[in-house]
Amino acid sequence: MKRAILSCNGLDKPEGSVAREVAIRGADATGSEIICPVLLNRAPARYKKVLSETSLIVVDGCSTRCATKLAARLEAKVERKVLVTDAVKASGQPLESTLSLGPKGLALAQSIVDELLRTLDAPAVAAEPVAEFETPTEYLVVTHDKFEFRIPVVDYVFNENDIWARVLDGVARVGISDYMQQKLTDINYFDAPRVDSTVEQFGELGSLESAKAVFEIVSPVSGAVTAVNQAVIDNPGLINEDPYGAGWLVEVKLAAWPQDQELLVDAPAYAEIVKRKAAEE
Amino acid sequence: MSETTFMGVPRDKIPWYPMIDYDKCTVCMECDKFCPHHVFDRRESGRVPVVANPNNCVVFCRACAKACGPDAISFPSKPETIALIKQIREQEAVK
């Protein structure tokens, strides 16, 4: 699929200037069309054809994430997101405070584009997911008003941040619970962690976005990310459809499973947590 | 409204909640609009957002910081918080 770049205009912040520069350089480097966010907002029909034929690289300057919100409102297909403030933090180099980009801003913009070029067509998934899991068949059901939250009876353990882990041969498959997918409503983006990155228990394993919220995936285990579910990156709706099966998110090679388990709970205990959370809403 | 325990530890013993840098805050109130747990409020101060209900904050959630355009929200260190939770759990287990 062809790509287009939607960046924030960010004219009043240095990070916005970087976003704009990333869009210009990225469009050149990838042969993508640039979408002007102001025009898109004012006259979406202008870009109707482009949006139907391309997937977007969305570049935001700051966490207000205007470009992301615009893309979500128009239900555009998003392939990749870049947040300049995150890139600034990761680089450890503060930007110049001027709106015209200085050497640091230009270097950062180029490094973001280089990273995009390096990773856009590289599969995020390690060769094959290691674990072979069967879909659960037996569930505990917590009901609240008209809602029903399912929790697999066996094999799954949970942290209190609504993330499950299922372990086989030293590898944990990780995903979000039925309760959390219902709470988030339609999930439209999975910002996946990088394969081979390491994570501590309760560290961040990427995030999920819906129209309603950004949800940080709080890792139930510690170890190294060995696989990311490409099917979910391509179609985040799988998480809503089948949170314990096809909607799994990542696999992690376990580094300290005996200790990790001490801070996780089984299905009946998690059911109590869900009951409490649902009642508090 | 507040969660009573987290990992078996009384919620009010876990110092996990957002801290607002008012030099950076632009009073856009995105944090308050975003947080479904009503951690923020502007009533007490009249103008700027305040962390009115810190114990409503979901331990390890940092979503409001991600929604904050001017990057004015910070959280405690996760490893230190985990160490504290483990320490309290061990103390409770001994009792």
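Predicted model: local features only at pLDDT ≥ 70, side-chain atom pairs only at ≥ 80, totals over all residues.
Two strands count as paired if DSSP finds at least two bridges between them.

**Entry 1, a bridge.** I looked up Leu208(A) and found that its bridge partner is Phe215(A), in strand E13(A). I then checked the strands themselves: E12 of chain A, residues 204-210, pairs with E13(A) over four bridges, in the antiparallel sense.

**Entry 2, the sheet.** I traced the strand order in chain A as E10-E12-E13, three strands in an open sheet with antiparallel pairing. I asked which strands stand at the edges. They are E10 (187-191) and E13 (214-218) of chain A; each has a single partner strand, so one side of each has no neighbour in the sheet. For the twist I noted an average of 25° from one strand to the next.

I looked up the largest nonpolar core, which has 63 residues. Among the residues with the most contacts inside this core are Trp164(A), Ala165(A), Leu249(A) and Val274(A).

I took the domain assignment of chain A, which gives domain 1 as 2-120 and domain 2 as 139-280. How many Å separate the centres of domain 1 and domain 2 of chain A? Taken over C-alpha atoms, the separation is 29 Å.

Notes. Residues numbered from 1 in each chain as written. Chains lettered and ligands numbered in written order. Core = buried A, V, L, I, M, F, W, Y, C linked by C-beta atoms within 7 Å. Buried ≥ 20, exposed ≤ 12 C-beta atoms within 10 Å, placed from the backbone. Axes fitted to C-alpha atoms, helices over the stretch in contact; angles between N-to-C directions. Domains from an automatic or database assignment.
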